[in-house]
Amino acid sequence: MVPKPVGEPDEITGQSALPISRVKKIIQLDEDIVQCSNNATFVIAMATEMFIKYLAEQGHNVVKAERKPRKTVQYKDLASAVSHTDNLEFLSDVIPKTTTYKQFKEKKAKDAAEQTTMEKGQRTLNGAGAPPPPANGSSMGEATPQGEEPSATSPSVPRPMVPVSALIADRTVEPVANQDHDVEMQG
């Protein structure tokens, strides 16, 4: 058998490694596509095969570039290929780089700390400014919602904090009789 010259594309045989019926079902899931011919389905299947081959080759190149190359391509190799190859950058959400549990916990804690700190001048949903830190000896339960007067309860019994969503009032406007707000054009 004569070896194939490098750079020559594989011969198209008319057969796809991917099942055409499955590709057709995936195409039909797209609401924008009403109909797709058999030829178009075949071309999409072949393009998908070529893309998978390209992605696998890029992952294999990452493995070969290591100091001690392996024989298997792993997820981390594909994630590295996606992050280093411009053509594959659109896959960064689908194939993200792996992180350790410790790194994930640190990032989650950092994000939570950023959310809890309120910037200077920032307002809450009910329009109030940032609440002042509680004074020594006082608890957060003694706060009263905006617009309410503190009731005459004993200072030793803390009052529960009412959530903002419970403070929404019904402001239904009743129609006023004999008032017409329409403006008539004269000219």
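Within the chain, confidence is highest in α1, at 93, and lowest in α4, at a mean of 85; the score is pLDDT, the predictor's confidence in each residue from 0 to 100. The model is predicted, and local features were taken at pLDDT of at least 70, side-chain atom pairs at pLDDT 80 or more, whereas totals for chains, interfaces and linings use all residues. Residues are numbered from 1 along each chain as its sequence is written, and side-chain values rest on heavy atoms, with hydrogens and water left out. The average pLDDT of the chain is 74, and 56% of the residues score at least 70. Over residues 164–169 pLDDT stays under 50, and the model has 5 contacts beyond four places in sequence for this segment; contact denotes heavy atoms within 4.5 Å. Where pLDDT is low, the predicted coordinates should not be read in detail.

The secondary structure consists of 4 helices and 0 strands, in the order α-α-α-α along the sequence. Helices (H or I, at least four residues) and strands (E, at least two) are DSSP runs, numbered from the N terminus. Of the 187 residues in the chain, 11% are buried, where buried means under 20% relative accessible area, exposed over 50%, and partly exposed in between (1.4 Å probe, protein chains only). Among contacts with a separation of 6 or more, 29% involve residues 24 or more positions apart.

Helix α2 spans residues 38–65, 28 residues in total, and extends 41 Å from its first C-alpha to its last. This is close to the 40 Å expected at 1.5 Å a residue, the expected span being 1.5 Å times one less than the number of residues. The buried residues of α2 are Thr41, Ala45, Met46, Leu55, Gln58, Gly59 and Val63, and their cover includes α1 (20–28) and α3.

Leu55 also belongs to the largest nonpolar core, together with Ala79, Val82, Leu88, Leu91 and Ile95, 6 residues in all. Such a core is a set of buried Ala, Val, Leu, Ile, Met, Phe, Trp, Tyr and Cys residues joined through side-chain atoms within 4.5 Å. Beyond its neighbours within four places in sequence, Ile95 is in contact with Leu55, Tyr75, Leu78, Ala79 and Val82.

Asp77 lies in helix α3 (residues 75–84) and is buried, with a relative accessible area of 2%. Its side chain makes a polar contact of 2.8 Å with the side chain of Arg70 and reaches the backbone nitrogen of Gln74 at 2.8 Å. A polar contact is a pair of N or O atoms within 3.5 Å; within protein, one must be able to donate a hydrogen and the other to accept it, and residues adjacent in sequence count only if both atoms are side-chain atoms. Outside four places in sequence, Asp77 is in contact with Gly59, Val62, Val63, Glu66, Arg70 and Thr72.

Thr85, in the loop between α3 and α4, counts as buried at 16% relative accessibility. Apart from neighbours within four places in sequence, Thr85 is in contact with Tyr54 and Gln58.

The structure holds 1 aromatic pair. Phe51 and Phe90 form this pair, which is tilted, at 6.1 Å centre to centre and 40 degrees between the planes. Rings of Phe, Tyr and Trp (its six-membered ring) pair if their centres lie within 6.5 Å; planes under 30 degrees apart count as stacked, over 60 as edge-to-face and the rest as tilted. The pair links distant parts of the chain, with Phe51 in helix α2 and Phe90 in the loop between α3 and α4 (101–116), 39 residues apart. Phe51 is partly exposed, at a relative accessible area of 32%, whereas Phe90 is exposed, at 56%.
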